[in-house]
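Here are my notes for a colleague who is new to this entry. Please read them with the model open.

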Amino acid sequence: MELLLSVISIVAYFFGYPTVAGIVGIIATITFVLFYSKQNKSYGVFVPWLIISILLNVLFINYKPNFVLSIGIVSSMSIWLTSVLVWLFSLITSK
């Protein structure tokens, strides 16, 4: 669910709807945190997500259109990137 919301947020941002992207991104972030906080060893997901989120916010978004919405946009992008990285890591380590 959070991955779908993050993709919707990313697509909305790149099509020029940063407000919609920010709101959907905040909803995706809340869903992401609620889901993964119940998992064992949740730090294995939260730490990479937080690092990617901070780097994207500083290097890419620069608080557009405002700080709260940029957090939602960046969080949705980092959710997607973290999911892809964890999936690739699980493919590499499972062989």
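1. How many helices and how many strands are there in the chain? The chain has four helices and zero strands, and from the N terminus on its elements run α-α-α-α. Helices (H or I, at least four residues) and strands (E, at least two) are DSSP runs, numbered from the N terminus.

2. This is a predicted model, in which local features need pLDDT of at least 70 and side-chain atom pairs count only at pLDDT 80 or more, while totals for chains, interfaces and linings use all residues. Residues are numbered from 1 along each chain as its sequence is written, and side-chain values use heavy atoms, with hydrogens and water left out.

3. As for overall dimensions, the C-alpha atoms of the chain fill a box of roughly 40 × 25 × 20 Å, taken along the principal axes.

4. Buried residues, meaning those under 20% relative accessible area with a 1.4 Å probe and protein chains only, make up 35% of the 95 residues in the chain.

5. Among contacts (heavy atoms within 4.5 Å) between residues at least 6 apart in sequence, 59% join residues at least 24 apart.

6. S53 deserves a separate look: this residue lies in helix α3, which covers residues 43-61, and is buried, with a relative accessible area of 9%. Leaving aside residues up to four places away in sequence, S53 touches V74, S75 and S78. The side chain of S53 also makes a polar contact with the side chain of S78, at 3.4 Å; such a contact is a pair of N or O atoms within 3.5 Å, where within protein one must be able to donate a hydrogen and the other to accept it, and residues adjacent in sequence count only if both atoms are side-chain atoms.

Technical notes. Buried < 20%, exposed > 50% of the residue type's maximum accessible area, 1.4 Å probe, protein only.
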